Amino acid sequence: QVSLAESGGGSVEAGGSLRLTCTRSPYSYNNYPMAWFRQAPGKEREGVAAIASDGSTDYADSVKGRFTISKDNAKNTLYLQMNSLKPEDTAMYYCAADPVDYGLAPGYNYWGQGTQVTVSS
């Protein structure tokens, strides 16, 4: 069983930055592919960024050039650096691990509880 816990959300003005952190339970397999998803009220959950076991990354078109996903396996931690934030980035952000198929589709076996990001104009 893998436990995930997100932190780092908050309220910022447009153009600002936040760094989200996802801490994975210790003693779990530490090289799962992982990803960040977000869900705004009334909208479907969408993939934001994913990182494979080899460190390669994928991003949604809406965040390319602004968001960066990274991980530190030794610290059991996944990060999402978010720059140049826009009001449309407002959502609950979730980290996920161990996909059925790697990518930005929400077919992951383990999910965190989410952290809220609010961007004001």
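A word on the source. The model is predicted, with local features needing pLDDT of at least 70 and side-chain atom pairs counting only at pLDDT 80 or more, while totals for chains, interfaces and linings use all residues. Residues are numbered from 1 along each chain as its sequence is written, and side-chain values use heavy atoms, with hydrogens and water left out.

Strands here are DSSP runs of E with at least two residues, numbered from the N terminus.

Next, its partners. Two strands pair if DSSP finds at least two bridges between them. Strand 3, residues 18-24, pairs with strand 8 in the antiparallel sense over six bridges, and Leu20 has Leu80 as its bridge partner. Strand 7, residues 67-72, is also antiparallel to strand 8, joined by six bridges; there, Asp72 stands opposite Thr77. The hairpin of strands 7 and 8 has four residues between the strands, and Asn76 in this hairpin takes a positive phi near 55 degrees.

On to the backbone angles. Most residues other than glycine have a negative phi. Ser84 sits in the loop between strand 8 and strand 9 (91-99), and counts as partly exposed because its relative accessibility is 41%. With a relative accessible area of 18%, Asp98 is buried.

Key. Buried < 20%, exposed > 50% of the residue type's maximum accessible area, 1.4 Å probe, protein only.
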